[in-house]
Structures are given as structure tokens and as C-alpha cells.
Amino acid sequence: MTDVLRPAVGVAVAALVLAACRSAPSAGPPAYEILVFSKTTGYRHESIPAGVRAFRELGAANGFAVTATEDGAAFTPENLGRYAAVVFLNTTGDVLDPTQRKAFEAYIRRGGGFVGVHSAADTEYRWPFYGGLIGAYFAGHPAIQRATLRVEDRGNPATAHLGETWVRTDEWYDYRSNPRPAVRVLLSLVEPSYSGGRMGADHPIAWCHPYRGGRSFYTGGGHTTGSYAEPDFRAHLLGGLRYAAGRVAADCAPQPA
């Protein structure tokens, strides 16, 4: 592809992604179902209702059905088999019992999809399978503030609508480890653009990867209620969800620096 054509292709992809987020409700039965799980046993985000609403609206516009729950009893082999992807929306603490964990592991190993939003990284610290699925655990954060994100992979459906950088306001997590060796980093924080970051020059904030037979997408955004009204953030969630649900192809193989 020539350099002359590349900008035009990028604009076209961005237009398609944003159109998907804003399209009229789909006709006919949903093409697939997702489960949005938002149980908390630690800190509870006020933005959870806005997040559930955003996923429902994305589903209505893009042909998928959404079941929202905070009941771990939904994690049975039979019930999970209904869903193309499971979203952990601002979950915190230990949210599943051993039997439910076993069912969720089996679901991922059978090719299921996982989407982790923000404090999904502050969840299930003592469950090694989940630690690998999420990619990295939460360590801390400074105050909510504006920051610049570097877009590392503009070919991924979660980031194809963005330019080379993305400036937005949210609560920016530091993580206990750098996930880059095991995931495809999609977005990273430019630490000099805000105050209080502690990971240094390489600070991933959104990523994807195949995992134990399934697919995983995680974004560190989504603390604030306003996040879920942002068209670019909604497009980011939709692209990541569509990858996790197996609806679009994406190269999420690890690409270490």
C-alpha cells in the first residue's frame, strides 16, 4: 500500500467504527449474546450503571444481546455456553467461588471471550488463571486527570478509529507488572503528560491476547461515568468486545518491545 493511500484507509476504517456505534437499532434477532458482570466485593464504581447502559446501547445498535448481572450463580457451564463473550465491568475483589471459577476457566478453554474494563484488574488476586487472563493486576493510581495515550496498534478493531495519540480524562492505573511480554499492547500512557504515573517510559493501558484457547481484551479506561458517553471510548469498547466475541479477526499475538 502506498503512503498516499494509508491516510485515506485509516479515515475509512475510523468512519466505519464510529458508524457502528451510532447506527440505528438492528433488525431481526441478535447475532450473539454477551454477559456483563459487575459484582464488587471491594471498591464500587459509581460508573457501573453507565457502563451497563453503554453496553446495552451498543448491543441494540450492533446486533447483540446483553445480559447484565452481579450474581456469580450465572457462572455455570450451561449458562456460560450462551455467551460469545463475558465482560467484567469494574468488578473488584473476589467475585466467584471455586465452582464458578472452574466453569469460567472451562468456558475460556472452549474458545470463549473475555473483556476486562478498568478495575477488572483489581479482581481475583489469588486466582492464577485469572491473572493470566487479565494480563496484569492493579497497583495504584493518581488523581483523575487528563493524559495522552499513545496508540501502538492502529490495525486493531479497538483502536482503528483513533489517531496516533488519544487525549482524554480518566483514572490512570499503574500495574504490578508490565504485561507487554505476554500481550499485544494497543495503548500506552505517555507518563510525562500527567502527574503521578509510576511505571516509567513503558506504561501499557489497553491490550489483547489469545489465552488458553480463548480471547482476552482489557482496557484501563472506564473509571468515570463520563467515559461511557464518549464516542471514541464506546468505539474502543465495541472493537475490543467484537474481537473477544470472535466477530472480527485481530492479530493479538504478543509483540514485546
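These legends describe close-up views of a predicted model.

**View 1. Helix H6, residues 231-244, and the glycine that follows.**
H6 has 14 residues. From first C-alpha to last, H6 reaches 20 Å, close to the 20 Å expected at 1.5 Å a residue. H6 is mostly covered, with 11 of its 14 residues buried. Among the buried residues are Phe 233, Arg 234, His 236 and Tyr 243. Leu 237, Leu 238 and Leu 241 are buried too. Gly 246 follows H6 and has a positive phi, near 75 degrees.

**View 2. Strand E9 between its partners E6 and E10.**
E9 covers residues 184-189. Six of the six residues of E9 are buried, so the strand is largely enclosed by the rest of the structure. E6, residues 145-151, pairs with E9 in the antiparallel sense over three bridges. Within this pairing, Ser 188 of E9 is the bridge partner of Arg 150. E10, residues 204-211, pairs with E9 over four bridges, again in the antiparallel sense. Here Arg 184 stands opposite Cys 208 of E10.

**View 3. The surroundings of Arg 184.**
Arg 184 lies in strand E9. Is Arg 184 buried or exposed? It counts as buried because its relative accessibility is 9%, under the 20% cut-off. The Arg 184 side chain reaches the backbone oxygen of Asp 251 at 3.3 Å. Beyond its neighbours within four places in sequence, Arg 184 is in contact with Asp 251, Cys 252, Ala 253, Pro 254 and Gln 255, among others. Its contacts also include Ala 206, Trp 207 and Cys 208. Asp 153 is another contact of Arg 184.

**View 4. The salt bridge between Glu 124 and Arg 101.**
A search of the whole structure finds 11 salt bridges. One of them joins Glu 124 to Arg 101, with the closest N and O atoms 2.8 Å apart. This pair links distant parts of the chain, 23 residues apart. Glu 124 sits in the loop between strand E4 (113-117) and helix H5 (128-134). Arg 101 belongs to helix H4, residues 98-109. Glu 124 is buried, with a relative accessible area of 0%.

**View 5. The salt bridge between Glu 230 and Arg 168.**
The closest N and O atoms of Glu 230 and Arg 168 are 3.0 Å apart. The two residues lie 62 residues apart and link distant parts of the chain. Glu 230 is in the loop between strand E11 (214-219) and H6. Arg 168 is in strand E7, residues 165-170. Glu 230 is partly exposed, with a relative accessible area of 23%. Arg 168, at 4% relative accessibility, counts as buried.

**View 6. A salt-bridge network of Glu 152, Arg 180 and Asp 202.**
Salt bridges link these three residues, Glu 152, Arg 180 and Asp 202, in a network. The side chains of Asp 202 and Arg 180 meet at 2.6 Å, N to O. This pair links distant parts of the chain, 22 residues apart. Asp 202 occupies the loop between E9 and E10. Arg 180 is in the loop between strand E8 (174-175) and E9. Asp 202 is partly exposed, with a relative accessible area of 26%.

Notes: Residues numbered from 1 in each chain as written. Predicted model: local features only at pLDDT ≥ 70, side-chain atom pairs only at ≥ 80, totals over all residues. Heavy atoms only, no water. Expected span 1.5 Å × (residues − 1). Buried < 20%, exposed > 50% of the residue type's maximum accessible area, 1.4 Å probe, protein only. Polar contact = N/O pair within 3.5 Å; in protein donor to acceptor, adjacent residues only side chain to side chain. Contact = heavy atoms within 4.5 Å. Pairing = 2+ DSSP bridges. Salt bridge = Lys/Arg side-chain N within 4 Å of Asp/Glu carboxyl O.
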